[in-house]
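Hi,

Here's the structure I said I'd pass along. Have a look, and then read on for what turned up in it.

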Amino acid sequence: MTNRRTLGVNFEAGVAEILLWVPQAKQVSIRPDTGNDLLLEQKTRGYWQMRTGELRPGMNYHVVIDGEIWPDIYSLYQPDGVHGASSAFDVSGMKWTDQRWGNIPLQNYLIYELHTGTFTPEGTFDGIAKKLDYLVSLGITAIELMPVAQFPGDRNWGYDGVFPYAVHNSYGGPAALQQLIDQCHRKGLAVILDVVYNHLGPEGNHFGKYGPFFTDKYKTPWGNAINFDDAGCDEVRRYFIENALMWCRDFHVDALRLDAVHAMKDFSPVHVLKELRLALNDLMQSTGKSHYLIAECDLNDHRFIDQLKERGYGLDSQWIDEFHHALRISAGGKPEGYYRDFNGIEDFGAAFEHAYVYYGRYSEHRQKTFGTDPVENQGQQFVVFSQNHDQVGNRMLGERSSALFSFEMQKLMAASVMVSPFLPMLFMGEEYAESNPFLYFVSHTDPELITAVQKGRKAEFEAFHTEGDAPDPQDENTFYRSKLQWEKAGSGIHRTMFNYYQALLNLRKSHPVLRVPDRRNMEVISNKVNNTLLLTRWSDEKKIHCLLNFSTRERECMLPAFKENVSIIFNSASAQWAGPVINNDAFLTSSLIVIPAQSILIFEEYV
């Protein structure tokens, strides 16, 4: 299972090896578009198997289960979408050129999250490939692709996928994804792939025809949970673990971002995430290459990222939404909806110190004590951001920070992420203050489902007391309005913002203190009255003081242990970045520092 793909249709020396799990079936066959049905042989535990030379790469086919015709849920390619025939694809056909690539250390990841369909005018993997030099020049070291598994139609965030193994047809299919990853590695870029193992979308979901992939023991926001611990769960677990191994082994993906792992319900003695970690460890041992697992989890439970020897699940890192929430409230965002539990600068200071804002504190929103304190977990085990697809796209109008905050505040928010002792992540377009929104969009074909999505989207914003209607997710214009405007990136204030982000990323990569996500050598002081935060970080060689002013007026701050051997190394309010400050030397006249409104000053002190 670790060294090669075994489920579905695979090829060995031109011969198709087929293995399907259909435990309730009486007869299973493969029906090529040209030729006769190929009857599979029943094996133990509900598997059906055969070897044949009559199914070749590129041929379309269906699976016939007791006389009913279905697409193959193990398919790697659905050229005609979720309702069409499956296409046999040989994952070993790619001629890789990245043999010397072994991934980069996780602590060096500077992540850029993007949506394939809206990142470029083409909306394809080839379109992304044309922008790789741009991303390298920006300073990015890893791109994160939102889900690419086959979903209904051509427009979707990707979380409605119903063929977890199939690479979406309108993006270019599996061969184009392999080519993109190979090109990324040639440019020195790691690739993170967003995968969804907590639910499957509604349209084109044929899993119930194959076996007990779902259980009614638990509910998720998307319906019945995937069956990770009920009858038949061994084969369901195998399905998703082999999927993860395939991306890493056959597509050379460097890391997987696991969507909403808190919705992966499993009370087995060995949690499915731990089993996945163990399987990936086996793969890494056999190949000598590193692959990381990055979770999205809202439980504030460090068990998910604790090492296996510490009885954790062994995931390498996790997204921290709470850092984002506290940052936005500090910046003046409205405390509504899920932001109501966040109180600004003091909570933002807690995010720096504890990674989680709720680390065993009482939560008014939840009405209970919530979270654990990840004291022993390293900085690289947390991914932070000022924007991402959820936090932008889950707003009713999909406004980016460029529409919600001043230019100076946008710069401060970006720097807050970069100076943190965690892994920073950007959302596509924020580096040049993209003004187009990122909206929620779908392209379903079922009228009832379309109506349900439209109603659900409207109901979602009741807690935010918004007026008007959410843009129609089904409308093509909603999708096209979400595309990046590349013509803006190179001129005016957008170019200034790009240069600013480029300088920030360069500082993050080059400075001996900032380039190491070290949570230990750090001190944080937040000032609720002034809405300021003082972050001090140090290494054996140097110490830096980051003075962050989220208020709309100048604030005074005493720089601790002020010495003569100190210099300012970054000023977001500088005229260089279209800010109000012309002379940086003015800050060094005394130990009492005046911080411009909505800005960050970074001083360096030699230890």
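This is a predicted model: local features need pLDDT of at least 70, side-chain atom pairs count only at pLDDT 80 or more; totals for chains, interfaces and linings use all residues.

Eight of the 10 residues in helix α9 (residues 345-354) are buried, so the rest of the structure largely encloses it. The buried set is Ile345, Asp347, Phe348, Gly349, Ala350, Ala351, Phe352 and His354. Just after the helix, Ala355 has a positive phi of about 70°.

Next, Asn198, in the loop between β14 (190-195) and α5 (207-210). Its relative accessibility is 0%, so Asn198 counts as buried. Its side chain has a polar atom 2.5 Å from the backbone oxygen of Asp259, and there is also a distance of 3.4 Å from a side-chain polar atom of Asn198 to the backbone oxygen of Ala260. Beyond its neighbours within four places in sequence, Asn198 also touches other residues, including Thr220, Trp222, Ile226, Ala263 and Met264.

Last one: Trp247, which sits in helix α6 (residues 233-250). Trp247 has a relative accessible area of 1%, so this residue is buried too. Setting aside neighbours within four places in sequence, its contacts include Pro164, Tyr165, Val167, Leu177, Leu193, Val195 and Tyr197, and also His252, Val253 and Leu256. Gly393, 146 residues away in sequence, is 26 Å from Trp247, C-alpha to C-alpha.

Cheers

Methods. Residues are numbered from 1 along each chain as its sequence is written. Side-chain values use heavy atoms; hydrogens and water are left out. Buried means under 20% relative accessible area, exposed over 50%, partly exposed in between (1.4 Å probe, protein chains only). Helices (H or I, at least four residues) and strands (E, at least two) are DSSP runs, numbered from the N terminus. A polar contact is a pair of N or O atoms within 3.5 Å; within protein, one must be able to donate a hydrogen and the other to accept it, and residues adjacent in sequence count only if both atoms are side-chain atoms. Contact means heavy atoms within 4.5 Å.
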